[in-house]
Amino acid sequence: MTIGELIDRVRAYHPAAPVDLIQKAYDFSAEKHHGQRRLSGEPYLTHPLQVAGIIADLRLDVPSVATGLLHDTVEDTLATLEQIEQTFGPEIAALVDGVTKIGQINFRSREEKQAENFRKMLLAMARDLRVILIKLADRTHNMRTLGHLPPERQVEIAQETLDIYAPLAHRLGVNWIKSDLEDNALRFLHPEVYYQLKRSVAKKKAEREKYIKEVISVLTKRLTEAEIEAEVSGRPKHFYSIYEKMQAQNLLYDQIYDLVAFRIVVDTVGECYEGLGVVHANWKPVPGRFKDYIALPKANGYQSLHTTVIGPYGERIEIQIRTREMHRVAEYGIAAHWRYKQPGTLGTDDGQRFAWLRQMLEWQQHLQDPQEFLRSVKEDLFTEEVFVFTPKGDLLNFPVGATVIDFAYRIHSEVGQHCAGARVNGRIVPLRYQLQSGDTVEIVTTTSQAPSKDWLKLVKTSRAKARVRGWVKGQQAARSIAVGREILERDLARHALDFGRLRIDGTLARVARELSQKDEDTLLAGVGYGKITAQQVLARILPEEEIERRREKAEGRLQRLFRLVSRQTTSGVTVSGVDDVLVRFGKCCSPLPGERITGFITRGRGVTVHALDCPKVLESDPQRRIEVQWSDGKGTPRAVKVEVTCVDQPGLLAAMSKAISSAGINIARAHVHALGDHKAQNTFELMVTNAEELNRVMRNLGRVRGVMRVARLRT
């Protein structure tokens, strides 16, 4: 390629391009690389020219093409970044600097996951996505000319390309670069496979070309008959995609049938589906091989209809159907929408499909702080992930909001259990510190440190949550066993029974079995939690008459009277499997008869009843939940707060009071205050017996003229 051909290529898609900048960059690069040669023996300048040509094929802007010509000057010549900035301005200098820095990153990693993290980190590090596209162009030309390097370097670079750059091109939707990189990587990683495929494909070249022409002719004719204007093309599949299929299905080349892919490009989305109908009307579709990426686009914006059919002579053929715009995006990906210099040129559909891209471009223009832009890109592209380093330099990924405790548990469970803090980038930070991308984290441990229930509010990862919950549950179980033993010893002593003797003679083990408990410790924990009462244990040891006789002997007349009275108190709630238990209602949700409820055993305070969807229940220990139901019959009236927002006008309070009293409800307390803007807020404490009564009074309030909103308050 010559500089004239490069300029012509840029003018073809950007007629008003300031091509003098490209000429200036070429002259600068030619001067700096003068006398340098590549390992192939060619003048070094051929490489930046070819890279700039690939960038022009991507249809990027002039600064990107100029950077392609200049990208190696800072690293491989005596030119400095300051010189670049003085000669070409800060934008091109920043692009050259970005490409240079990415070239210095060490991607060598044994673990595929580590490679995936590096790919993400690479994207997150780039302040300008053009840097990535220029680097992809650079790697594409290097892979095309890799044959001149020593064999060990060929394998190393090819593997790095397959691990890092080809998936990166896929993520950005640049399909032709992805295929180019994969095919060339295969050539050096598995040369015997590559050249066997090449020979096999070449052997059938004439036969395949004839077949392609025949299918194109049939498709074009059928589409024309259906009055669909379309461009139909066919091509052999890329070597690497054939190789992948051979590996995945353990097949030989001759056993693979759909080696040819056809593409139908039409004007509208409607014609895509019409074209699909034409294809399926002529050839039988293969079940399970239809994919609608128009309705459900891929993450990188790719859209197309894919189908596999049994074509002429029983051959399987894959057909892709898309609009011209979809085709442009499929070929150029993110580069197809590189229009940030021309605001307003994206159409409505483009704006929806490429919202993530548009946001990044807007951030790039308006955010002055590069760190802020970096955060925005990371959050958008990587579904809320941060990337941090261990002291040894290993890269780990975490969800946004993860703390040093999550990091500690990722290293080892023991490190997590004793995590007292951390050094982040050499600075001591507390446990609540949230990890930021690029942090180097070293955990500080102490033998006295142990997890607490509060840690569950700090950790984000499921691993850390499970470990903390397990520890807390273990501690709670130990405490419950101790509490259960204390309760049981006390109650048994009242009936002249010795806990130790009952344990030795196997009575407690028998009671545990009868109460469906695993062992004695589980029985004691159940008593400690409140799931099992001492009364239930006693009932399995002594006859009921004997318990009553011993109790009457031990307690006075006043105590008996108090017990009888307390038994008559009713809460309106039945606790499953438990008798004589104290029941109270959670103030956080104040459940009413008719609402779905659950119980939560509170040590020493009986059972607290909550609404089933109460946030406190969702956060509670499942081990301490118990099934409860509303008793039959009318419940006792309880206070419920209702908030009413209304127009601030005379007589409205009286109207609301009348609406409440007409529902047969008493107002225990009321608070009224003006909000301004001719609005007022009223809080009524109403005495209701069930959810139906509450709903009725709220409906009455909602019908009052001037009332804007009625809501139940859960404190």
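Helices here are DSSP runs of at least four residues, numbered from the N terminus. Keep in mind as you look around that this is a predicted model.

View 1. Is Asp138 buried or exposed? It's buried, because its relative accessible area of 5% falls below the cut-off of 20%. Leaving aside residues up to four places away in sequence, Asp138 touches His47, Val51 and His71. Two of these names, His47 and Val51, come back in the next view, among the buried residues of helix H3.

**View 2. Helix H3, wrapped up by other helices.** H3 takes in residues 46–57, so to speak a run of 12 residues. From its first C-alpha to its last it reaches 16 Å, close to the 16 Å expected at 1.5 Å a residue. Nine of the 12 residues are buried, so H3 is largely enclosed by the rest of the structure. After H3 comes Arg59, with a positive phi near 60 degrees.

**View 3. Strand S14 inside its sheet.** Here four strands make an open sheet in the order S13-S15-S14-S16, with mixed pairing. Strand S13 (583–585) and S16 stand at the edges with a single partner strand each, so one side of each has no neighbour in the sheet. Now for S14, residues 597–601: five of its five residues are buried, so the rest of the structure largely encloses this strand. In a regular strand, side chains alternate between the two faces of the sheet. For S14 both faces are covered, with Ile597, Gly599 and Ile601 buried on one side and Thr598 and Phe600 buried on the other.

**View 4. Who faces whom across S14.** S14 and strand S15 (residues 607–611) run antiparallel and are joined by five bridges. Follow them and you'll find Ile601 opposite Val607, while Ile597 has Ala611 as its bridge partner. S14 also runs antiparallel to strand S16 (residues 625–626), this time with two bridges. There, Phe600 stands opposite Arg625.

View 5. A pair of aromatic rings is described by the distance of the centres and the angle of the planes. The model has eight aromatic pairs. One of them is Tyr194 with Tyr195, edge-to-face at 5.0 Å centre to centre and with 90 degrees between the planes. Tyr194 counts as buried at 10% relative accessibility, whereas Tyr195 is partly exposed at 36%. Another pair is Tyr293 with Tyr302: their centres are 6.0 Å apart and their planes at 70 degrees, so this pair is edge-to-face. Tyr293 and Tyr302 are both buried.

**View 6. Arginines sitting over phenylalanine rings.** Arg410 lies over the face of Phe398, 4.4 Å from the ring centre. In the other example, the charged end of Arg638 sits over the ring of Phe585, at 3.9 Å from its centre.

Technical notes. Residues numbered from 1 in each chain as written. Predicted model: local features only at pLDDT ≥ 70, side-chain atom pairs only at ≥ 80, totals over all residues. Heavy atoms only, no water. Buried < 20%, exposed > 50% of the residue type's maximum accessible area, 1.4 Å probe, protein only. Pairing = 2+ DSSP bridges. Contact = heavy atoms within 4.5 Å. Phe/Tyr/Trp six-rings, centres within 6.5 Å; stacked < 30°, edge-to-face > 60°. Lys NZ or Arg CZ within 6 Å of the ring centre and 35° of its normal. Expected span 1.5 Å × (residues − 1).
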